[in-house]
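Student: Could you take me through one part of this model up close? I would like a connected account, in short steps.

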Amino acid sequence: MSDTQTPQTQSISKELLDILVCPLSKTKVVLSEDGTKLLCTDECTDPKCPKQYPIENGIPKMLVED
Ligand SMILES: [Zn+2]
């Protein structure tokens, strides 16, 4: 297993990604292919969840309006 190469498009660190969860369902999120968004997985079933959160300047915007 080789996991040493980090794609140029990765906008947030793997360490940060590992601790981030969907604020609504508390399930894991994954980085989008272009690295500009965080996406919920199929495990997130909260109907109010937008299923994707933008990343701005390396900071995930995971606030959800009530
Ligand atoms: Zn979610």
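Tutor: We start with the whole chain, then look closely at the metal site and the strands beside it.

This is a predicted model. Along the sequence they come in the pattern α-β-β-β-β. Of its 66 residues, 27% count as buried. The protein exposes about 5200 Å², and carbon and sulfur atoms supply 51% of that area.

Now the zinc ion. Which residues hold it? Four cysteines coordinate the zinc ion, each through its SG atom: Cys-22, Cys-40, Cys-44 and Cys-49. The distances run from 2.2 to 2.3 Å. Along the chain, the donors follow the spacing C-x17-C-x3-C-x4-C.

Next, the geometry. The four donor atoms subtend angles of 104 to 116° around the zinc ion. Four donors count as tetrahedral if all angles lie between 85 and 135 degrees. The arrangement is therefore tetrahedral.

Are Cys-44 and Cys-49 buried or exposed? The cut-off for buried is under 20% relative accessible area. Cys-44 has a value of 3%, so Cys-44 is buried. Cys-49 has 8%, so Cys-49 counts as buried too.

Strand β2 covers residues 37-40, and Cys-40 is one of the zinc donors. Four strands form an open sheet, in the order β1-β2-β3-β4, with antiparallel pairing. At the edges stand β1 (29-31) and β4 (59-60). Each has a single partner strand, so one side of each is left without a neighbour in the sheet. In general, strands of a sheet pair through backbone hydrogen bonds. Here, three bridges join β1 to β2, and these two run antiparallel. Across this pair, Val-30 stands opposite Leu-39 in β2.

Gly-58 lies in the loop between β3 (52-56) and β4. Its relative accessibility is 24%, so Gly-58 counts as partly exposed. What does Gly-58 touch, leaving aside its neighbours within four places in sequence? Gly-58 is in contact with Ser-11, Ile-12 and Leu-16. Gly-35 is 23 residues from Gly-58 along the chain, and their C-alpha atoms are separated by 9.8 Å.

Last, a look at contacts across the protein. Take those with a separation of 6 or more: residues 24 or more positions apart account for 32% of them.

Methods
Residues numbered from 1 in each chain as written. Predicted model: local features only at pLDDT ≥ 70, side-chain atom pairs only at ≥ 80, totals over all residues. Heavy atoms only, no water. Pairing = 2+ DSSP bridges. Donors = N, O, S within 2.8 Å, 3.2 Å for Na, K, Ca; no water. Tetrahedral: all angles 85-135°; square planar, octahedral: opposite > 155°, others 65-115°. Buried < 20%, exposed > 50% of the residue type's maximum accessible area, 1.4 Å probe, protein only. Contact = heavy atoms within 4.5 Å. Areas by Shrake-Rupley, 256 points an atom, 1.4 Å probe, with all protein chains shown as cover.
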